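Please consult the sequence and the structure while reading.

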Amino acid sequence: MRQLSKSKIIAFRQCPKRLWLELHRPDLRDDSGSEFAFAVGNQVGDIARSIYDPEQKGHLIDINEVGWDTAFSATTDWLADQDSPLFEAALRIPGALALADVMLPQRSDNDLHWHMIEVKSSTQVKDYHHDDIAVQAYVAQASGLPLTKVALAHVDNTFVYPGGGDYQGLLTEVDMTEEAFSRTEEVAGWLTEAQAIAALPDEPSIEPGPQCHQPFRCSFCAHCIPEKELSDYPLTSFYRLRTAGIERLEAAGYQDVRDVPADQLSYINQRIREHTISGEPYFDQEGAAADLAQFPGEPRFLDFETIGFAVPIWAGTRPYQQIPFQFSLHHLDKEGKIQHHEFLDTSGSDPRLAMIRALIDSCGDSHDHGPIFAYNAPFEKRVIADLIAAFPVEAVALTSILERIEDLLPIARARYYHPSQHGSWSIKAVLPALCPELSYSDLDEVQNGELAQQAYLEAIAPETQEPRRQTIHHQLLKYCELDTFGLVKMWQFFLKASQQAHT
């Protein structure tokens, strides 16, 4: 019998094949992109310890330092007679083990009981958290731990950080005791089934399906859905076709965009199908030019990069609030010359006020009413609206900027499509089709928004050395500049390039 960790049991709940692969073929796992999520979780966990143990009388068991055997022994000794919190308690029963984020003592007369809390970096209780808590409670009770309460603590996104390291109120608890204790037989059944899967000599045969991405993306997708078996234009290349729609088409025997009858598709997906079959781009240049003609004046092109901290680091900010730390703005003057303005602060200080002043300077004086184009403009508008709320002294100038922002995305979606976009009108899909000479893949480490956030976090970390910080600073500038320069090229293409549609 294997000792299955709680994470392995949750993997089984998502897909039995995933559990088998986790145990027998971990070399096939692709964890790219998960480092950021792990870092966020660890950060919230660190803050939880300061919240639940403000006097620092508790004890943390670091499994990576002491190993499992020592961790189990230390947990047993502490829970037997200590009256202080224990963090990362190691719990074990035959066939299963778990780590409990927070254990709080509750003594009644001479009896010592424990309140167990699982800490999550999400802002609400998610569906799979119920299984997580049920497994945790089962292992704790089966190990003989006198458990009186089980709760899940998640981030409260209405919390406003007052500064000074005071995070009381960051987490909110949801009591899940009754539900967790009522699922004992159910969890026991999961363990029996999971052990049976773990003991299989060969990989179980389970077809790919919704479980590959729910409740989160499986790390073995590349193995279970080999690239050679994929269509060049799978049904996911349709625009906003929901899972149910894809399943309906798959059930009818369709696997490729080009094979689906046009009468089963929306107007925009008919266009995708038609131009995927022909291999030629769709471009309504006359319509695009007419759309842009509605916005006279010298155009500017704006893009923000933002960061949302699970644990706020600047006073007056909330968890996961999208805080801008960088912008790029290109300005096309009346002579047709391109001017570039940019802002980036990687010092670790709150960048917003300095950014506001740089943005106001970059957008022209109060007599300049030319459009400021963004791509998916509601995002830029929301960022500026948040800046107005945070710094009302700058409200007049920022409101003037806000009222000038226009969106290039609806024009692109209505007037242009290239088969290489695979149903996406993100700037990362459209720009390489319109301007193949501009490529995000030519950038170094920062090639998309998520990587930009990771790079920024590394840049502002106290332990980051200055040469490395400067390297990141330069790469972030290049990335954001490409975003807005790409918008300039898109605007020029839509407005003037009637004879230059790329194939």
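A cavity is a set of grid points where a 1.4 Å probe fits but cannot get out, and its lining residues have an atom within 4 Å of a point. The model discussed here is predicted.

Q: How many cavities of 30 Å³ or more does the structure hold?
A: Rolling a probe the size of a water molecule over the atoms shows where empty space is left. With the threshold set at 30 Å³ or more, the number of cavities in the structure is two.

Q: Which residues line the second largest cavity?
A: This cavity has a volume of about 40 Å³. By class, its lining has two charged, two polar and five nonpolar residues. The lining consists of Q321, Q322, I323, P324, R352, V383, D386, L387 and A390.

Q: Which residues lining the largest cavity are the closest to its centre?
A: The lining comprises 13 residues, divided into three charged, one polar and nine nonpolar. The closest to the centre are C15, K17, C212, C218 and C224.

Q: Which element supplies the largest share of the lining of the largest cavity?
A: At least two residues of this lining come from each of α2 (16-24) and α8 (221-224). The largest share is three residues, and the element that supplies it is α2.

Q: Against which elements do the buried residues of α14 pack?
A: Helix α14 spans residues 395-404, and its buried positions include A395, L398, I401 and R404. Buried here means under 20% relative accessible area. The elements against which these residues pack are β9 (300-307), α12 (352-362), β12 (372-374), α13 (377-390) and β13 (405-407).

Q: Why is S73 classed as partly exposed?
A: S73 is found in helix α4, residues 63-81. Buried requires under 20% relative accessible area and exposed requires over 50%, so a value in between is classed as partly exposed. S73 belongs to this class because its relative accessible area is 40%.

Q: How far apart in space are S73 and L91, C-alpha to C-alpha?
A: Along the sequence, S73 and L91 are separated by 18 residues. In space, their C-alpha to C-alpha distance is 9.7 Å.

How values were computed: Residues are numbered from 1 along each chain as its sequence is written. This is a predicted model: local features need pLDDT of at least 70, side-chain atom pairs count only at pLDDT 80 or more; totals for chains, interfaces and linings use all residues. Side-chain values use heavy atoms; hydrogens and water are left out. Buried means under 20% relative accessible area, exposed over 50%, partly exposed in between (1.4 Å probe, protein chains only). Helices (H or I, at least four residues) and strands (E, at least two) are DSSP runs, numbered from the N terminus. Contact means heavy atoms within 4.5 Å. On a 1 Å grid over the protein atoms alone, a cavity is a set of points where a 1.4 Å probe fits but cannot get out, and a pocket is an open set with protein on both sides within 12 Å along at least five of seven lines; lining residues have an atom within 4 Å of a point. Grid points are joined across faces, edges and corners, and a volume is the space filled by probe spheres set on the points. Ala, Val, Leu, Ile, Met, Phe, Trp, Tyr, Cys and Pro count as nonpolar, Asp, Glu, Lys and Arg as charged, and the others, Gly among them, as polar.
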